[in-house]
Amino acid sequence: MSSDSVILLETVNFAAEKHRNQRRVARILSHEGGITDIEVLQAALLHDTVEDTDTSIGELQIIFGQTVARLVQELTDDKALSKEETKRKQVEYAPHASHQAKLVKLADKLYNLRDINRSTPTGWSADRVQEYFVWAAQVVRGLRGTNPALERQLEELFKQRGVEL
């Protein structure tokens, strides 16, 4: 087994223990985006662990190295901010993110939008769903030019919802 395969399996195991649902974003990146960059795939597997678990950036740095920790840090929202401020920051930051972080962000938005399309979250009105799509389009605009395959998939979802990208 190659060292990249071992590293990726260790990352999957860590992510599975910490945050079980992150495999989906890595799968979108590899299967639909053609991404083979091991650090991007690791960041995809780990991108929500700091926000949603007791994992720290320092812990990720020790286990997975500086690059993966930096990418996860780029993708981590500041939980001290209001939901509105967090959303505004994502729109503002998207064009300035590293190429690797942009890839993960595109795949994450694609997964989230597909999931919402498939099944409206409990308690969400049709207006709230549409507002999410409009906001996500603002984020995705800042990520343009990152991965044509993923961007085409996102464009199709926005088109179905009548949201201008």
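Which residues touch the most other members of the largest nonpolar core? Keep that in mind as we go through the model. It is a predicted one.

Here is the answer. The largest nonpolar core holds 47 residues. L29, L46, L60, V104, L113, F133 and F158 touch the most other members. Which elements give two or more residues to this core? Helix 1 (3–18), helix 2 (23–32) and helix 3 (38–46) are among them. So are helix 5 (57–64) and helix 6 (66–75). Helix 8 (99–118), helix 9 (126–141) and helix 10 (148–161) complete the list. The largest share comes from helix 8, with nine residues. As general background, nonpolar side chains tend to be buried together in soluble globular proteins.

Take L29. Leave out residues up to four places away in sequence. L29 then touches G34, I35, V40, L41 and A44, among others. Its list also includes L103, V104, A107 and L150. V104 is another of the residues that touch the most core members.

Two packed helices are described by the angle between their axes and the distance between the axes. For helix 2 and helix 10, the axes come within 9 Å and cross at roughly 115°. Helix 2 and helix 10 are therefore roughly perpendicular to each other. The crossing is right-handed. Helix 2 brings I28, L29 and E32 to the contact, and helix 10 brings A149, L150 and Q153. By type, that is four nonpolar residues, one polar and one charged.

Next, helix 9 against helix 10. These two pack at an angle of about 145°, and their axes are 11 Å apart. This crossing is left-handed. On the helix 9 side, look for V129, Q130, F133, A136, A137 and V140. They meet L154, L157, F158 and R161 of helix 10. Eight of the contact residues are nonpolar, one is polar and one is charged.

Helix 9 has another partner, helix 7. How do the axes of helix 7 and helix 9 cross? They come within 7 Å and cross at roughly 30°. That makes helix 7 roughly parallel to helix 9. K87, Q90 and V91 in helix 7 meet W135, Q138 and V139 in helix 9. This contact divides into three nonpolar residues, two polar and one charged.

Stay with helix 7, residues 83–93, for T86. Is T86 buried or exposed? T86 counts as buried, because its relative accessibility is 13% and the cut-off is under 20%. Beyond its neighbours up to four places away in sequence, T86 touches D77, D78 and L81.

Last stop, helix 3. I will pick out two residues. A44 sits in this helix. A44 is buried, with a relative accessible area of 0%. From A44 to T76 is 32 residues along the chain, and their C-alpha atoms are separated by 12 Å.

The other is I38, also in helix 3. I38 is buried too, at 17% relative accessible area. Neighbours within four places aside, I38 is in contact with D4, I7 and L8. I38 and V68 are 30 residues apart in sequence, and 9.3 Å apart in space, C-alpha to C-alpha.

To close, back to the opening question. L29 is part of the contact between helix 2 and helix 10. F133 and F158 belong to the contact between helix 9 and helix 10.

Technical notes: Residues numbered from 1 in each chain as written. Predicted model: local features only at pLDDT ≥ 70, side-chain atom pairs only at ≥ 80, totals over all residues. Heavy atoms only, no water. Core = buried A, V, L, I, M, F, W, Y, C linked by side-chain atoms within 4.5 Å. Buried < 20%, exposed > 50% of the residue type's maximum accessible area, 1.4 Å probe, protein only. Helix = DSSP H or I, 4+ residues; strand = E, 2+ residues; numbered from the N terminus. Contact = heavy atoms within 4.5 Å. Axes fitted to C-alpha atoms, helices over the stretch in contact; angles between N-to-C directions. Parallel < 35°, antiparallel > 145°, perpendicular 65-115°, else oblique. Left-handed = near helix turned anticlockwise from the far one by under 90°. Nonpolar A, V, L, I, M, F, W, Y, C, P; charged D, E, K, R; others polar.
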